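Please look at the sequence and the structure below. The paragraphs that follow walk through it one region at a time.

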Amino acid sequence: MAGYRQAAPAKINLALDILGRRPDGYHEMRMVMHAVSLCDAVFLEEAGEGFSLFAEGIVLPAGKTLEQRAAEAFFAALGRPMPGLRVTLEKKTPAYAGLGGGSADVAALLRLLREKYAPAMPREELEAVGGQIGSDVPFCIRGGAALAEGRGEVLTDLPPLPECRLVICKPDFDLPTGPMFARIRFDGSLPHPDVEGMVAALNRGDLNGMAKRTGNVFETVLELAERREIESIKEILLRRGALAAAMSGSGPAVFGIFVPDGDAAGAAEELKRRYAQVFEAKPVGRLMQDPVPCPPQGEPERIGS
Ligand code: C5P
């Protein structure tokens with residue numbers, strides 16, 4: 001039986017602002033997101049009956065997985081029954097890190113399902129299916145750089161980051177998204193990052209301008225021990241010459257942005273002495289037009305006979 005494999009690139013938030021709480025229980029967001037070359041791989045085969053999911057290195061949550069819900073929503077949108085599917089995740093992106101690892105896997109699965117079962121489905125329709133599964137899934141389907149508003153699913157394309165290097169470090173604690181949102185208080189004290197300025201800097205291709213405007217409101221609700229750890233990672237990245245360093249999403253992963261000939265490798269080396277999960281990466285572009293060639297190869301690849 002033939003199978004298909006695709007890279008599932010993680011995302012970082014160059015800027016993340018939360019505008020308020022919504023009547024539906026979610027929060028109104030304004031963030032600049034960028035897909036990065038740190039990625040999982042998702043492997044899809046038509047096999048057996050029903051939906052089965054396998055993953056190395058993670059414990060799958062009890063009950064119906066996001067992947068299964070995504071596959072069911074995809075075939076419901078197509079108006080046809082779901083064939084037997086077997087999905088395998090090859091995990092590299094840390095979970096509960098603010099890097100969209102889970103959303104990226106769902107997004108890659110949806111791109112694979114479109115490729116195999118509905119190549120004419122417009123990207124917008126696939127993103128709408130993804131939006132039913134998670135707020136970051138539409139962006140993770142699209143990739144590149146975008147301003148994300150609403151729950152995170154209302155996307156406006158932006159030009160990608162100018163050529164640069166990224167170092168991403170996940171400290172040894174998790175910060176689940178729901179509880180991080182619950183820490184946010186809208187009492188007028190929330191400092192708002194300059195998202196407009198970030199968008200303008202990206203539109204100008206101005207790496208220094210955008211570096212000055214990285215910021216994440218979730219950093220303001222860290223507990224003391226968490227803050228110390230995040231600040232110490234940022235201090236190492238900045239001392240090694242990063243133009244900017246910030247926490248991604250609801251944390252706790254931290255990224256640093258380096259010019260192409262900067263000391264990203266030295267920063268990663270130093271961080272690896274203290275942390276188990278340190279990655280060098282690059283920004284990547286739109287994923288439907290230009291799938292990421294990361295191991296195993298990003299372009300959906302036929303495996304088996
Ligand atoms: O959309 P998703 O299921 O990935 O979100 C996970 C959790 O994060 C939600 O249950 C909600 O508590 C919180 N969230 C939020 N506002 C958003 C996105 C997520 O409050 N815009």
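Start with the surroundings of Phe139. Beyond its neighbours within four places in sequence, Phe139 is in contact with Lys11, Met33, His34, Ala35, Gly144, Ala145, Ala146 and Leu155. This is a predicted model. Phe139 belongs to helix 4, which covers residues 137-142. Its relative accessible area is 1%, and because buried means under 20%, Phe139 counts as buried. Gly152 stands 13 residues away from Phe139 in sequence, and their C-alpha atoms are 7.9 Å apart in space.

Next come the cysteines. A disulfide is a covalent bond between the sulfur atoms of two cysteines. How many disulfides does the model contain? The count is 0, with a disulfide taken as two cysteine sulfur atoms within 2.5 Å. Cys140 is in no disulfide, and the nearest cysteine sulfur, that of Cys39, is 12 Å away. Cys140 is buried, at 3% relative accessibility. Cys169 is in no disulfide either; for Cys169 the nearest cysteine sulfur belongs to Cys164, at 18 Å. Cys169 is also buried, with a relative accessibility of 0%.

Now turn to the nonpolar residues. In soluble globular proteins, nonpolar side chains tend to be buried together. In this model, the largest nonpolar core has 73 residues. The members that touch the most other members are Phe74, Leu110, Leu113, Val167, Phe218, Leu237 and Leu271. Helix 2, residues 101-117, gives the most to this core, with 9 residues. Apart from this core lies another one of 29 residues, including Val36, Leu166, Met198 and Phe255. Leaving aside neighbours within four places in sequence, the residues in contact with Val167 include Leu237, Val254, Phe258, Ala264, Leu271, Val278 and Phe279.

Which order do its strands take? The sheet is open and has 4 strands, in the order 9-10-7-11, with antiparallel pairing. Strand 9 (244-247) and strand 11 (277-281) are the edge strands, and each pairs on one side only. From one strand to the next, the twist averages 15°.

Technical notes
Residues are numbered from 1 along each chain as its sequence is written. This is a predicted model: local features need pLDDT of at least 70, side-chain atom pairs count only at pLDDT 80 or more; totals for chains, interfaces and linings use all residues. Side-chain values use heavy atoms; hydrogens and water are left out. Buried means under 20% relative accessible area, exposed over 50%, partly exposed in between (1.4 Å probe, protein chains only). A nonpolar core is a set of buried Ala, Val, Leu, Ile, Met, Phe, Trp, Tyr and Cys residues joined through side-chain atoms within 4.5 Å. Helices (H or I, at least four residues) and strands (E, at least two) are DSSP runs, numbered from the N terminus. Contact means heavy atoms within 4.5 Å. Two strands pair if DSSP finds at least two bridges between them. Axes are lines fitted to C-alpha atoms, for helices over the stretch in contact, and angles run from 0 to 180 degrees between N-to-C directions.
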